[in-house]
Amino acid sequence: MLKKQYLKSKPVCKVTFTLPKKAIETNSEIRVLGDFNNWSWEEGAVMKSTKVEYKAIVELTAGQNYEFRYVAADGAWENDWAADAYVPSPYAGIDNSVVKVEPIVIAKKGKGEAAPISKAK
């Protein structure tokens with residue numbers, strides 16, 4: 001599951017990635033890998049374990065779509081069951097999950113004052 005929180009102070013979105021424990025049966029560490037961290041285990045966002053799920057928060061630049069997947073240290077891969085979309089990966093028969101981060105705009109109120117940042121429609 002993906003939860004998005006757009007920041008008012010800069011053009012980024014805090015995305016909370018959540019994976020149910022039943023999706024990946026492992027006792028090893030789980031990380032989020034994707035376009036935003038070069039699909040690198042070393043740069044991957046470490047997911048914290050709760051009783052029922054794994055969670056990680058990543059700040060992503062607004063106005064882009066990002067491909068990603070969850071991976072365990074033992075090599076098990078899993079998609080997000082509630083991703084915004086799915087696209088074919090370079091590997092036959094395997095899709096990547098997609099998170100869509102909407103662009104944000106700063107509306108001018110008048111005489112140089114900026115209104116709060118909001119998602120573009």
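Student: Is Arg31 buried or exposed?

Tutor: Buried means under 20% relative accessible area, exposed over 50%, and partly exposed in between (1.4 Å probe, protein chains only). Arg31 has a relative accessible area of 14%, so the residue is buried. This is a predicted model, in which local features need pLDDT of at least 70 and side-chain atom pairs count only at pLDDT 80 or more, while totals for chains, interfaces and linings use all residues. Residues are numbered from 1 along each chain as its sequence is written, and side-chain values use heavy atoms, with hydrogens and water left out.

Student: With which residue does Arg31 form a salt bridge?

Tutor: A salt bridge is a side-chain nitrogen of Lys or Arg within 4 Å of a carboxyl oxygen of Asp or Glu. Arg31 pairs in this way with Glu29, and their closest N and O atoms are 2.4 Å apart. Glu29 is partly exposed, at 34%.

Student: How many salt bridges does the structure hold?

Tutor: There are four. One of them joins the side chains of Glu53 and Lys55 at 3.7 Å, N to O. Glu53 is partly exposed at 21% relative accessibility, and Lys55 is partly exposed at 37%.

Student: Which residue meets Lys10 in a salt bridge?

Tutor: Lys10 meets Glu59, at 3.4 Å from N to O. Glu59 lies in strand β6 (residues 53–61) and Lys10 in the loop between β1 (2–6) and β2 (12–20), so the pair ties together parts 49 residues apart in sequence. Strands here are DSSP runs (E, at least two residues), numbered from the N terminus. Glu59 is partly exposed at 41%, and Lys10 is partly exposed at 36%.

Methods
Helix = DSSP H or I, 4+ residues; strand = E, 2+ residues; numbered from the N terminus.
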